[in-house]
Amino acid sequence: MFMQPLRACIRKELLLLSRDWHGLLLLFAMPLAFILIMSLALQEQFAARAGFKLPVLAFDRDQSDGSHALLAAIETSGAFTVTTSNAAANTDISSIVRKGRYAFAIEINPEFASRLAANSSQHEPLVDIYVAPDTAKQTEAIFLALLREALGRQWTQGLIGTAVEMSPEFAAHLPSDPKWLEHSIEVRHAYANAREGAIPSAVQQSVPAWLVFAAFFVVVPLSNTLIRERQQGTLSRLRSTNLGAGTLLAGKLVPYFAVNQLQVGLMLLAGHYLVPLLGGDQLQISGSFGLLAAMAAALSIAALGLALLIAVSSSTTEQATLLGGTGNIILAALGGIMVPRFVMPPAMQTLSKLSPMSWGLEGFLNVLLRGTDLNGIAPYAGALIGFGAAAMGLAWWLQRRRLA
Amino acid sequence: MSANSIRINQVTYRYPHAAIAALDNIEFTIPAGKTFGLLGPNGAGKTTLISLLTGLREPQYGTIDIAGYDLHRDAARIRALSALVPQDYAFYVSLTGRENLHFFADVYRVPSSLKRERIEHAVATCRLEEVLDQRAEHYSGGLKRRLNLAIGLLNAPQILYLDEPTVGVDARSRQTILEALKLLKDTGITIVYTSHYMEEVQAICDYLSIIDHGRVLACDSMQSFLARTAGPQLLIQVAAPLSQAVLDALQRWRPASSAPNTWNFATSDSADTEKILAILRQHAMTVTQVQYGVSRLEQVYLGLLETPGT
């Protein structure tokens, strides 16, 4: 018998939401826009982490085997791509680099190879490096280390060649595989799905982050409908019928729970299909769908609990919108939604663990990026469910006090 | 106790942290099948009493028996046979009238076989046919009041609580609502009605309770209340202040001023009206308005509120 009013409450809530354009924009359009913008905007930052090659402009004034070998060493490092320019010697290289197309320019001076072989720089540089204004200090350090290593290798090979010419017996002490040192290092990516090319991209960071953010925004429409019902006397009218408190509450929570699940599904689909259409990377959904669903459910329980607490604590819809909106932005900033946790200082990283959005994000990243099992999401899902249950309990207690 | 009557037994209710009780040891009976008016100034305790009768609040002391059931023990049974029409527009303005009616019919658990009939009846009673598929946010104040009332009729209540159902509406909607209430009266349901409009209360209520500061000042049938006034009242508005000579000439009808240049006279029959108007003409007074036999309840009401010790 309770199903008739429950179905009516759910249908009514969905109808109200479908006519609330502001609510729909907040729940669906805003996070989708964030996913698209942030995925595309941060693509290069994440691509650099994933092996994106920085462009280098080269001016080879020597045109020797040695200068060619140096440029080849830069190219084969895998971190940089070299474009050679035949511009005249008096070209203003600084002004070219300032335009921002190249991270570095390298000018290999005349007689580079012969002076390197003669062990003589004559206090004049063998190469000149120009650094673009927006090139990171760490990238500059890596580029310089690469150059020093390449120069050192050429110089050492020259020395070894000379030594072999002077003493053929010396060759017997040389390793048979000239690249043995490179093979002595094994690289393992820390991602469970570290198959070829499966390196996290901007979209794989953005989608879970903004879907967590979006899920918590049910706080605004849900608290607003609850407050309007209270203010307009509709709640009194409903309570004067035989509609139980449980049915009334379920009539609110069930539709918004469904909205949360829809949000998660749509955001994942947007990352998988829409972002690539706009030139971004494709979201790799490599984790278990069951675990994703479990995380989505836990996330929704936390968001709904917070929504009820805010609805009960606020007297007006304006208060609830302000409290819900501002609260969500603070939780997002703290929880690594807006600024990835890995760029935060250690103290902030510790503090960010207090935000329920951080629990949601870590859980989703564990599934999407790290291919975790149930144990990998249990602490985060458990924390979210606990938070949601505590918030709902507190809201219930406050509401009873209010009605007393 | 007869069916659908309401017995309020020594009920006291105090809001949390309030210094005084909103309702203080009140006691009266609302007869079954009658329209019972609750009158009182703002803050008198009328809405608090309605919220106690509808089970939204529980009294700290006293009991309420409705249709033979104890409200505390049998709240579900009582709710099933009653409906509340609150003072506010207690529905969803983003939904159409039809959607609101369907929603509340389901909340009242109206069986599917009866739902269509009940909705049609409520719509016809409150004359909402033309606006049924418009969103309620586009309704005028009067239409919103009518929808508010229509929702209260969906469960075919035997007891209907109306908290100021005509406040702020245009004359046409007020007439529609009052006509609907008269039809409901004829079906024999018990109506508990609060309003500030004396003429409305006088027109539709059979019984009346006047409440102030949480206490019942008087509770009686409408006839008995009206009998408390000496006779029909005459209200005359004049263009200029009455001189002492004029007032002396009118003294036998006990002139009392209720507003600038507005005078009430205690008359025993319509012939008195002619005599009073003749005296005013003799003194070259211009009469701008005459009302006869109205607002008698208002005088009883104001008299009770102003009487010390009541």
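**Entry 1: between the chains**

I started with B:Glu99 and A:Arg19, whose side chains form a salt bridge with N to O at 2.6 Å. My cut-off for a salt bridge is a side-chain nitrogen of Lys or Arg within 4 Å of a carboxyl oxygen of Asp or Glu. The model is predicted, so I kept to its limits: local features need pLDDT of at least 70, side-chain atom pairs count only at pLDDT 80 or more, totals for chains, interfaces and linings use all residues, and side-chain values use heavy atoms, with hydrogens and water left out. For names, residues are numbered from 1 along each chain as its sequence is written, with chains lettered from A and ligands numbered from 1 in the order in which they are written.

Between chain B and chain A I count two salt bridges. The contact (heavy atoms within 4.5 Å) draws 33 residues from chain B and 26 residues from chain A. The two chains bury about 2,600 Å² between them, and 53% of that is on carbon and sulfur atoms. Buried area here is the accessible area (1.4 Å probe) that two parts lose on being put together, summed over both. On the chain B side, B:Leu56, B:Tyr92 and B:Arg109 lose the most area to chain A, together 28% of what that side buries.

**Entry 2: salt bridges elsewhere**

Searching the whole structure over all chains, I got 17 salt bridges. Within chain A I looked up A:Glu13 and A:Lys252, whose side chains meet at 2.6 Å, N to O. This pair links distant parts of the chain, 239 residues apart: A:Glu13 sits in helix H1 (residues 3-18) and A:Lys252 in helix H11 (residues 245-277), both of chain A. I take helices as DSSP runs (H or I, at least four residues), numbered from the N terminus.

**Entry 3: H4 against H7, chain A**

H4(A) (residues 65-76) packs on H7(A) (residues 137-166) at about 140 degrees, axes 10 Å apart. Axes are lines fitted to C-alpha atoms over the stretch in contact, and angles run from 0 to 180 degrees between N-to-C directions. The pair is therefore oblique, the class left over once angles under 35 degrees count as roughly parallel, over 145 as roughly antiparallel and 65 to 115 as roughly perpendicular.

On the H4(A) side I noted A:Gly66, A:Ala69, A:Leu70, A:Ala73 and A:Ile74, which meet H7(A) residues including A:Phe143, A:Leu147 and A:Gln154.

**Entry 4: H12 and its partners, chain A**

I then took H12(A) (residues 289-313) with H13(A) (residues 317-334): their axes come within 9 Å and cross at roughly 140 degrees. H12(A) and H13(A) are therefore oblique to each other too. From H12(A), A:Leu306, A:Ile310 and A:Ser313 make the contact, with A:Leu323 and A:Asn328 among the H13(A) residues.

H8(A) (residues 202-216) packs on H12(A) at about 35 degrees, with axes 8 Å apart. I listed A:Leu211, A:Val212, A:Ala215 and A:Phe216 from H8(A), against A:Leu299, A:Ala302, A:Ala303 and A:Leu306 from H12(A).

Note on methods
Helices (H or I, at least four residues) and strands (E, at least two) are DSSP runs, numbered from the N terminus.
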